[in-house]
Amino acid sequence: MLKKMLAGIALATTTISAAAWAQGAYPSQPVRIIVPFSPGGATDIMTRLIADQLSGELGQPVIVENKPGGGTMIASDYVARAQPDGYTLLMAASSLGIAPAIYTKVNYDPVRDFAPVSQVASVVHILEVHPSVPVKTVGELVAYLKANPGKVSYGSVGTGSSTHLEAELFKHMAGVEMEHIPYKGSAPALTDLVAGRLQVMFDAWASSGPFVKEGKLRALAVTTSQPSASVPELPTVAASGLPGYSAMPWLGLVAPAGTPPAAIDVIYGALDRILKRDEVKRKFADLGLDIIGSDPQTFAAFIKQDIGTWAKVARDSDIRLQ
């Protein structure tokens, strides 16, 4: 009898809370967006742009809070444990789904613990080479690597990073070998690539673009399955010599699992309007980002697919971190 009474009280409390939430206008207080990177980078700048626009759409302050570290796991874990009331969001990156594939201990489940809102944008990544490498297409690069096994090195921004996994996916699909040289960030890796101490690299257009424009590096292709709006002159890796290749680093808004669908709908609707504005499109392109703006259901399906892709690459390449 006592158990039945307690269960009834819990159900009544839940029902009352849900009814109160439904009756109140959302949002009725400031909304926070947690960014898993330090201030000043492309993700931070993009999120602050969105936050400023969302404030006008929602009629409430939208505050950006940076929680870098742990390969984005610190911020992800924080939001996974936050109150699911629509007032704490995460600007998630590809690493949300990559982390469980490469780290031995991850305190969240990227599918079970989050409610997708929208895949905001893809981060434009390119496959590039030092000008001394005698290739101008992906097909030529594959042929060159097969003719020079063990003689080519590629750099990444760190073991387990998207640039590392993109190169490993390329290696497995093309059946070629390259030596991996990990760095602590894009800048030191690009320094060695420009100097010719590396021959190949997958990197963000935002950081590599200036070197390509100056002729210090040669861009061969973008990694996405479709051409990039930011770099329309570049073909895709798939179209340039490696059919079926696709790698899309992404940024997207997620909320803690259990967040009311009505709140998700309000945020998505406002974001959808924002991403269609011409000035927003221009600013995204300047940051090396292609707008996606998918709905929650499409984003959820993409996350599951993306997790599977990188889990396989991590297994095939034996990538595992503590």
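1. Several elements cover the buried residues of helix α11, including α4, β4, α6 (162–174), β10 and α9 (261–275); the cover is judged by contact, that is, heavy atoms within 4.5 Å. The model is a predicted one, in which local features need pLDDT of at least 70, side-chain atom pairs count only at pLDDT 80 or more, and totals for chains, interfaces and linings use all residues. Residues are numbered from 1 along each chain as its sequence is written, and side-chain values use heavy atoms, with hydrogens and water left out.

2. The buried residues of α11 are Pro296, Phe299, Phe302, Ile303, Asp306, Ile307, Trp310, Ala311, Val313, Ala314 and Ser317. Buried denotes under 20% relative accessible area, exposed over 50%, and partly exposed in between (1.4 Å probe, protein chains only). Viewed down the axis of α11, its buried residues fall within an arc of 170°, so they line one face of the helix; the arc is that of the directions from the helix axis to the C-beta atoms. The face turned away from the buried side of α11 carries the exposed residues Gln297, Lys304, Gln305 and Arg315.

3. With 22 residues, α11 reaches 32 Å from its first C-alpha to its last, close to the 32 Å expected at 1.5 Å a residue. The expected span is 1.5 Å times one less than the number of residues. Helices (H or I, at least four residues) and strands (E, at least two) are DSSP runs, numbered from the N terminus.

4. The largest nonpolar core has 51 residues, and those with the most contacts inside it are Leu90, Leu127, Val138, Leu141 and Phe170. Such a core is a set of buried Ala, Val, Leu, Ile, Met, Phe, Trp, Tyr and Cys residues joined through side-chain atoms within 4.5 Å. Helix α11 (residues 296–317) gives the most to this core, with 8 residues. A second, separate core of 37 residues includes Ala93, Ile267, Tyr268 and Ile274.

5. Residues touched by phenylalanine 170 include Leu127, Val138, Phe202 and Tyr245, not counting residues up to four places away in sequence.

6. An open sheet of mixed pairing is formed by 6 strands in the order β2-β1-β3-β10-β4-β11. Two strands pair if DSSP finds at least two bridges between them. β2 (62–66) and β11 (289–291) stand at the edges, each with a single partner strand, so one side of each is left without a neighbour in the sheet. Neighbouring strands here are turned by 30° against each other on average, direction ignored. β1 (residues 31–35) and β2 pair in the parallel sense over 5 bridges, and isoleucine 33 has valine 64 in β2 as its bridge partner.

7. Helix α4 (residues 95–102) lies across β3 (88–93), β4 (114–123) and β10 (250–256), at about 65° to β3. Helix α10 (residues 278–286) lies across β4 and β11, running at about 150° to β11. Axes are lines fitted to C-alpha atoms, for helices over the stretch in contact, and angles run from 0 to 180 degrees between N-to-C directions.

8. In strand β5 (residues 125–129), 5 of its 5 residues are buried. Both faces are covered, with His125, Leu127 and Val129 on one side of β5 and Ile126 and Glu128 on the other. β5 pairs with β8 (residues 200–204) in the antiparallel sense over 5 bridges, while 4 bridges join β5 to β9 (residues 218–222), also antiparallel.
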